[in-house]
Amino acid sequence: MDEIGPGEAVRQELTEDESAVLDFDAQGRLLGIELFDAKARLHPDLMAIAEKSG
């Protein structure tokens, strides 16, 4: 899994429903997604995979 380096994310946007923050680079490319309350939103199998890779 790639990590976002210091200064790489130059813009953050809160999604309209306020469920996540999107990180963008200077060219407007999506670098990452921070999902709030992931345990309640994701299927348990997907959450288990995410927890192993984190």
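This is a predicted model: local features need pLDDT of at least 70, side-chain atom pairs count only at pLDDT 80 or more; totals for chains, interfaces and linings use all residues.
A residue is called exposed when its relative accessible area is over 50%, buried when that area is under 20%, and partly exposed in between.

The chain contains two helices and three strands, and from the N terminus on its elements follow the order β-β-β-α-α. The radius of gyration is 13 Å, well over the 10 Å that the globule rule gives for 54 residues, so the chain is more spread out than a compact globule. Along the principal axes, the C-alpha trace spans about 35 × 25 × 15 Å. Of the 54 residues, 17% count as buried. Among contacts with a separation of 6 or more, 5% are accounted for by residues 24 or more positions apart. The accessible surface amounts to about 4,500 Å², and 51% of this belongs to carbon and sulfur atoms.

The chain carries 5 positive and 13 negative charges, whose mean positions lie 4 Å apart. Across the whole structure, three salt bridges are found.

One of them is formed by K39 and E51, at 3.8 Å from N to O. This pair links distant parts of the chain, since K39 belongs to helix 1 (residues 38-41) and E51 to helix 2 (residues 44-53), twelve residues apart. K39 has a relative accessible area of 63% and is therefore exposed, whereas E51, at 47%, is partly exposed.

Another salt bridge joins D25 to R29, with the closest N and O atoms 2.7 Å apart. Here D25 is buried, because its relative accessible area is 8%.

R11 and E13 also form a salt bridge, their closest N and O atoms being 2.8 Å apart. R11 is partly exposed at 36% relative accessibility, and E13 is partly exposed at 35%.

Conventions. Residues are numbered from 1 along each chain as its sequence is written. Side-chain values use heavy atoms; hydrogens and water are left out. Helices (H or I, at least four residues) and strands (E, at least two) are DSSP runs, numbered from the N terminus. The radius of gyration is taken over C-alpha atoms; the globule rule is 2.2 Å times the number of residues to the power 0.38. Buried means under 20% relative accessible area, exposed over 50%, partly exposed in between (1.4 Å probe, protein chains only). Contact means heavy atoms within 4.5 Å. Accessible areas come from the Shrake-Rupley method with a 1.4 Å probe; for residues, only the protein chains shown count as cover. Lys and Arg count as positive and Asp and Glu as negative; His and the chain ends are not counted. The place of a charge is taken as NZ of Lys, CZ of Arg, CG of Asp or CD of Glu. A salt bridge is a side-chain nitrogen of Lys or Arg within 4 Å of a carboxyl oxygen of Asp or Glu.
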